[in-house]
Amino acid sequence: MTEKIYDFFEVIWEKYSIPLSIVASILIGFLYYKGLIVNIRAVTSNIVTFASIVIGVNGVFLTLIITLQESPAFIRLRELFPSFQTKLYLSLRNQIIYGLVVVIISILINLLPPSPNIYFSVLGVTVWFVFFFLMSIGSFISVKLVTDIIVKNFNITTRKKRQ
């Protein structure tokens, strides 16, 4: 049952990741505007730490996938699911890029003085959270794709032995 739920969320995320991230970030921006979310500068170091972990883990996964792409298991996987490897590469690459953008925006938030204009602050927080959501939720999907390679039963048909 939970596998079906994960698959459902994976499909939804693949199709609508950017609109979902934008809507969630606008909600966060609105909450920030209303004063319900405070201390954004205080959490930037925690976000940088989290983004660094995501970048590192996805970098290891990407290196592992590149190293193993000529293994018999991956050759068979490409035969069964031609788009799976491309989907996995793009997912891992995007998570690394989103993580780097989150780190850069976090550094800018800490370098720049607090904005006297609340609208600029709300815009900055909203953009920051778009990339944060793309990175964090996307990393869960990437981990699911990698673990699917390892544990998922692909219902591979067995061949009869030749005489």
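## Leu 92 and its surroundings

Leaving out residues up to four places away in sequence, Leu 92 touches Asn 58, Phe 61, Leu 62, Ile 65 and Ser 142, where contact means heavy atoms within 4.5 Å. This is a predicted model, in which local features need pLDDT of at least 70 and side-chain atom pairs count only at pLDDT 80 or more, while totals for chains, interfaces and linings use all residues. Residues are numbered from 1 along each chain as its sequence is written, and side-chain values use heavy atoms, with hydrogens and water left out.

Leu 92 lies in helix α4, helices being DSSP runs of H or I with at least four residues, numbered from the N terminus. With a relative accessible area of 0%, Leu 92 is buried; buried means under 20% relative accessible area, exposed means over 50%, and partly exposed is in between, for a 1.4 Å probe and protein chains only. Leu 92 and Val 146 stand 54 residues apart in sequence, and their C-alpha atoms are 9.6 Å apart in space.

## Ser 142 in helix α5

Ser 142 has its place in helix α5 and is likewise buried, its relative accessible area being 0%. When neighbours within four places in sequence are set aside, Ser 142 is in contact with Asn 58, Leu 88, Ser 91, Leu 92 and Gln 95. The side chains of Ser 142 and Ser 91 are joined by a polar contact of 2.5 Å, a term for a pair of N or O atoms within 3.5 Å of which, within protein, one must be able to donate a hydrogen and the other to accept it, and for which residues adjacent in sequence count only if both atoms are side-chain atoms.

## How α2 passes α4

The axes of α2 and helix α4 (residues 84-111) come within 8 Å and cross at roughly 155 degrees, axes being lines fitted to C-alpha atoms, for helices over the stretch in contact, with angles that run from 0 to 180 degrees between N-to-C directions. That makes α2 roughly antiparallel to α4, because angles over 145 degrees count as roughly antiparallel, those under 35 as roughly parallel, 65 to 115 as roughly perpendicular and the rest as oblique. The crossing of α2 and α4 is left-handed, meaning that the near helix is turned anticlockwise from the far one by less than a right angle, whereas clockwise would be right-handed.

## Aromatic pairs

The structure holds eight aromatic pairs; rings of Phe, Tyr and Trp (its six-membered ring) pair if their centres lie within 6.5 Å, and planes under 30 degrees apart count as stacked, over 60 as edge-to-face and the rest as tilted. In the pair of Phe 50 and Phe 132, the ring centres are 6.0 Å apart and the planes stand at 55 degrees, so the pair is tilted. This pair links distant parts of the chain, with Phe 50 in helix α2 (residues 40-68) and Phe 132 in helix α5 (residues 118-151), 82 residues apart.

Phe 50 is partly exposed at a relative accessible area of 30%, whereas Phe 132 is buried at 16%. Ring pairs link Phe 50, Trp 128, Phe 129, Phe 132 and Phe 133 into a cluster.

## Glu 10 in helix α1

Glu 10 is found in helix α1 (residues 2-33) and counts as buried at 6% relative accessibility. A polar contact of 2.9 Å joins its side chain to that of Lys 144.

Conventions. Helices (H or I, at least four residues) and strands (E, at least two) are DSSP runs, numbered from the N terminus.
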